[in-house]
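Welcome to the tour. Keep your viewer open and your selection tool ready, and we will go from stop to stop.

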Amino acid sequence: MTPHEKKGATQYTPYHPRWYRTRVSTYWWLWKWYYLKFVLRELSSIFVAYFVVITLLQVHSLSRGSETYARFEERMRNPLTIALNAISFFFVLFHAITWFNLAPRAIVARLGGKRVPDILIAGSNYVAWLAISATVAWFILR
Amino acid sequence: MAADAPKKLLEPFFWTLFSAGGVVAALLMPVHIFLFGLAFPLGWLQDLSHGRALAIIEHPLVRIYLFVFCALPLFHWAHRFRYTLYDGLQIKHLNEVITVFCYGGAIIGTALAGYVLWSIP
C-alpha cells in the first residue's frame, strides 16, 4: 500500500487507471519570483485587515473623549507600530498596483466596436486613484 | 447535490464582496495609511486635534464612508486569506474551519464597525 492509498487521497475509479499525482511541497511558491509575487499579493490582505482594525480603534478612542484619543495617538507613535504601518503601507501599495494592472483583464470595454486598449483601462484606474487620494487628503487636512 | 446548492449561491456573493473590497482597499487605503499610520505619528504633518477629528467624523456621510471603508476590505481579506491558506500552504483538511473563521471574522468585524460608527456621541 502506498502512502497515498493510506490517506485515501486516491479512490478507485472504474475503467480508469489510478490517478498519479505528485506531492507538491508546502513551500512551492518560494522558488520562483512569479509565484512568490502571487503569495505576497495574497498576503497583502492581512495588512488591509490590520489597518481596518486600526481605523476602528481610532474611531472608538475618538468617541471616548480627548484623553482616550491622546492615548491612541501615543500608541501610534510607538516605533513598533510605525514599523508595522510602514510595512502595511508597502503591502497595500503592492495590492493597489497589482489590482489596477489586472483591471484590463476583468474589464473588457468596447468603444465603437473596438476593444479599449489595456493601457487606457489601467491608466484610468491610476488617474482615479490619484484624484481620490488627493480628495481624501484635502478633506482631512483642510 | 442539494447540499451544494447554497455553496454555489454563496461563492459568487463572497467573490463580489472580495472584488468590491479590493477596489476600496486599492483606491482608499494607501492614502489613509500614509496619513494616519505614518505622516501624523512621525510629525511630518500637524496632527489633527481631538475636536477637529471628532467634527469630521460626526458627519453622517463620513460615517457611511468609514463603514464602507472598513466592511468591504474585511470581506476582501476573508476571501484572499482563505485561499492563501488553501493554495499557498495547502491546508485543505481544515477547509470548513478556515471558511468559518474568515467569513465569520469579516461578518463580526462589519457588525463591530457598525456599532463603533453609530455609537459616536
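Begin by selecting the buried residues of α4(B): I98(B), C102(B), Y103(B), A106(B), G109(B), T110(B), A113(B), G114(B), V116(B) and L117(B). Buried here means under 20% relative accessible area with a 1.4 Å probe, protein chains only. This is a predicted model, in which local features need pLDDT of at least 70, side-chain atom pairs count only at pLDDT 80 or more, and totals for chains, interfaces and linings use all residues. Residues are numbered from 1 along each chain as its sequence is written, chains are lettered from A and ligands numbered from 1 in the order in which they are written, and side-chain values use heavy atoms, without hydrogens and water.

Helices are DSSP runs (H or I, at least four residues), numbered from the N terminus; axes are lines fitted to C-alpha atoms over the stretch in contact, and angles run from 0 to 180 degrees between N-to-C directions.

Now move to helix α2 (residues 50-58) of chain B, whose axis comes within 5 Å of that of α3(B) and crosses it at roughly 85°. That makes α2(B) roughly perpendicular to α3(B) (65 to 115 degrees). Select I56(B), I57(B) and E58(B) in α2(B), which meet P60(B), V62(B), R63(B) and L66(B) in α3(B) (heavy atoms within 4.5 Å).

Finally, show both chains: 51 residues of chain A are in contact with 52 residues of chain B.

Methods:
Buried means under 20% relative accessible area, exposed over 50%, partly exposed in between (1.4 Å probe, protein chains only). Helices (H or I, at least four residues) and strands (E, at least two) are DSSP runs, numbered from the N terminus. Angles under 35 degrees count as roughly parallel, over 145 as roughly antiparallel, 65 to 115 as roughly perpendicular and the rest as oblique.
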